[in-house]
Amino acid sequence: ELAINTEAIRKEFPVLHQKVNGYPLVYLDNAATTQKPTQVIDALVDYYQGYNANIHRGIHTLAEKATSAFEQTRESVRSLLHAKQTEEIIFVRGVTEAINLVASSYGHTFIGEGDEIMISALEHHANIVPWQWVCQQKKATLRVIPITDAGEIDVDAYKKMLSPCTKLVALAHVSNTLGTINPVKEMIRMAHQAGAVILIDGAQAAGHLAVDVQELDCDFYCLSAHKLYGPTGIGVLYGKKALLERMPPYQGGGEMIREVTYAHTTYNDLPYKFEAGTPNIADVVAFWYAIEFIQKIGTPSIVAHEQELLAYCTEKLSALPFIQLVGRAKEKVGIVSFIMDGVHCFDVGQMLDAYGIAVRTGHHCTQPLMQRLGLDGTIRASFALYNTLAEIDKLAAMLEKISKILK
Ligand code: PMP
């Protein structure tokens with residue numbers, strides 16, 4: 001008995017009702033991006049057909065309507081993350097831009113020679129490269145918290161690595177490759193004890209786990225709307241107000257200013273200080289409907305459903321002798337990475353696609369993690385709230401078929 005009525009839910013996702021290569025689509029690539037419910041798709045059309053206008057500037061009716069819809073999403077994100085204030089919610093392009101914003105603004109102001117920035121061994125490239133740049137430019141050191149063979153962060157090692165030199169920790173809430181849920185609450189507390197600020201990359205957590213930034217006490221939290229049933233091209237940087245106020249703007253332009261002369265510019269209040277230029281209004285407006293969709297179902301039901309899929313898939317694939325699961329953390333979201341004996345992961349991915357099953361293969365933007373695990377890639381099945389046990393049965397059956405064909 002599933003925690004969610006998938007039959008009803010699936011009706012809200014038009015894209016799921018199609019055949020791919022002659023087979024009903026089985027979409028198991030949700031860690032890359034989730035599909036969008038009708039409400040979100042309709043919201044985009046409604047916006048462009050009904051009240052497209054630039055926000056925050058016009059006094060005309062359409063501009064006011066667009067502004068109010070845009071700001072309504074900010075309040076909704078605040079409630080989703082349980083942030084204290086709406087001005088702590090900054091709209092960006094996605095997690096990638098959120099991290100680049102913090103690296104550029106905070107990193108370049110508050111990181112200096114001899115300082116240390118700490119990341120973990122299971123980070124996405126988006127949470128590696130921007131910190132590498134800060135370290136290169138500031139003569140700081142990038143340190144990497146090791147993981148165990150099961151794909152869990154070595155918290156004891158982290159404890160030993162923290163020192164007064166540690167100025168910033170940047171950590172995934174959930175690994176996009178292995179599904180590991182990191183003990184972020186404890187690690188945030190430890191970072192603060194060492195006097196460091198900490199950024200949490202929530203790309204794979206938001207929409208799959210309850211996130212409460214006040215309870216976590218993280219300094220920054222990042223998410224991408226497209227991974228929680230919202231549109232692409234829009235994401236969120238949450239930051240504690242006191243920190244955001246001390247940080248210089250990331251980009252200069254319209255909207256972020258208070259007054260401009262050739263000699264001097266003063267900046268707008270939060271959050272506008274970090275939102276230069278015309279934002280992605282339509283997608284922000286549509287994101288509200290994705291959040292409403294999630295909140296209506298409720299995080300406890302989403303978690304229960306995805307845990308059930310995870311347990312079922314883990315059991316099914318463990319029973320296949322030619323499959324090796326990669327990443328066996330105790331705490332995981334619905335992400336299952338695996339390899340197949342003697343077959344390259346790309347070939348498996350291609351053959352699954354021939355049967356309508358969409359998975360991701362390769363390094364999943366985590367090349368250093370692959371090196372740590374001694375792999376050049378994995379096959380990854382990742383679940384969302386519209387996936388069913390029957391789809392996992394299909395995956396397992398097709399893997400068996402592929403294994404027989406290749407023998
Ligand atoms: N971090 C993690 C853990 C991710 O899974 C992703 C998306 N694959 C990102 C960062 C980057 O997100 P985006 O591409 O939406 O900016």
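Mentor: A polar contact is a pair of N or O atoms within 3.5 Å, and inside the protein one of the two must be able to donate a hydrogen and the other to accept it, while residues adjacent in sequence count only if both atoms are side-chain atoms. The model is predicted, so local features need pLDDT of at least 70 and side-chain atom pairs count only at pLDDT 80 or more, whereas totals for chains, interfaces and linings use all residues. Residues are numbered from 1 along each chain as its sequence is written, and side-chain values use heavy atoms, with hydrogens and water left out.

With this in mind, an oxygen atom of the ligand lies 2.7 Å from a side-chain N or O atom of S224, while nitrogen of the ligand is 2.5 Å from a polar side-chain atom of D201 and 2.8 Å from an N or O atom in the side chain of K227. The protein buries 84% of the 400 Å² that the ligand exposes when taken alone (accessible areas by the Shrake-Rupley method with a 1.4 Å probe).

Around the ligand, counting residues with a heavy atom within 4 Å of it, stand G94, V95, T96, H124, N176, D201, A203, Q204, S224, H226 and K227. Sorted by class, this shell holds two nonpolar, seven polar and two charged residues (Ala, Val, Leu, Ile, Met, Phe, Trp, Tyr, Cys and Pro count as nonpolar, Asp, Glu, Lys and Arg as charged, and the others, Gly among them, as polar).

For the setting of this site, the C-alpha atoms of the protein fill a box of roughly 75 × 55 × 35 Å along the principal axes.
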